[in-house]
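Hello,

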Amino acid sequence: MTEFTPFASFIGGALIGLSAVLLMLFQGSIAGVSGILGRLLPPWAEARGLDWRAAFIFGIIISPILVKLITGQNIEQVVSDSKIVMISAGLLVGYGTGLGSGCTSGHGVCGISRLSMRSILATLTFMISGFLTVYIIRHLIEGAF
Amino acid sequence: MGKIISAFIAGLIFGLGLIISGMSNPAKVLNFLDLAGTFDPSLLFVMGGAILVVFTGYKLVLKRNTPIFDNAFHIPTRKDIDKNLIIGSAIFGLGWGIGGFCPGPSLTSILLGSEGIIYFFPSLIVGLIITKLI
């Protein structure tokens, strides 16, 4: 069980939204993490824009330090430590978001906000796929033992 | 310089939002996806808060002729619903449901030093590079 946190989740979501609006205002770009991260990886199509993309990703990576400084508390996290589970998950998320041109932020937040039909369909697809995956793992496979 | 600093600050705020919202915790994400079990609807509030702000904010920002540090807005223009969009998103959902990480929260997890992120993050990078090569 995890605690239902509507207020904190709404505020956190609004901050994610604020960040996306700032990135549009300053850089003129969509705040899609898989896209921005992907552009930083080889093979590089163009060198232009790598600097600000690296700065954005760096900001996300070091944000836990900021949270610890503000709250003084440890950040709660439960992560599977299974090598095979996490390697397959990483490969699938990387390959899938690359192929599908976006993830939860690019399609789910920025795309839906622009009422893009591609992003709405992509979000529905990865949500349904996620629901089915967890159902199969937790209720059919784990439930069978 | 302003372009880099503003992107860095946007990244910090993005990460802050992911952590405060609980989205950076795979256990919470997996419970959101577990409709038939320990369902935690918090993530709907994350999406709701984010979409509300971006929907309104984009309308205001896009009234400008150009962004502050570039000479044009770079908005995706594709409208076609192709096979890659759907198959890629389905594969992403599969990986998301297995590990509880999407790309953003995997970034905020690097410094938290769990064992799982040591396997997940390099694999994410490999997966992204593969799609660029094919």
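Which residues lie nearest the centre of the second largest pocket? They are Ile75(A), Glu76(A), Ile19(B), Ile20(B) and Gly22(B), out of 18 lining residues.

This is a predicted model, in which local features need pLDDT of at least 70, side-chain atom pairs count only at pLDDT 80 or more, and totals for chains, interfaces and linings use all residues. Residues are numbered from 1 along each chain as its sequence is written, chains are lettered from A and ligands numbered from 1 in the order in which they are written, and side-chain values use heavy atoms, with hydrogens and water left out.

A pocket is an open set of points on a 1 Å grid over the protein atoms alone, where a 1.4 Å probe fits, with protein on both sides within 12 Å along at least five of seven lines; lining residues have an atom within 4 Å of a point. A volume is the space filled by probe spheres set on the points.

The second largest pocket holds about 470 Å³. α1(B) gives the most to its lining, 3 residues (helices are DSSP runs of H or I, at least four residues, numbered from the N terminus).

The largest pocket holds about 1,100 Å³. Its lining has 41 residues, with Gly35(A), Ile36(A), Arg39(A), Ser101(A) and Pro76(B) nearest the centre. The largest share, 5 residues, comes from α2(A). By type, the lining of the largest pocket has 11 nonpolar, 19 polar and 11 charged residues (Asp, Glu, Lys and Arg count as charged; Ala, Val, Leu, Ile, Met, Phe, Trp, Tyr, Cys and Pro as nonpolar; the others, Gly among them, as polar).

Regards

Definitions and conventions: Helices (H or I, at least four residues) and strands (E, at least two) are DSSP runs, numbered from the N terminus.
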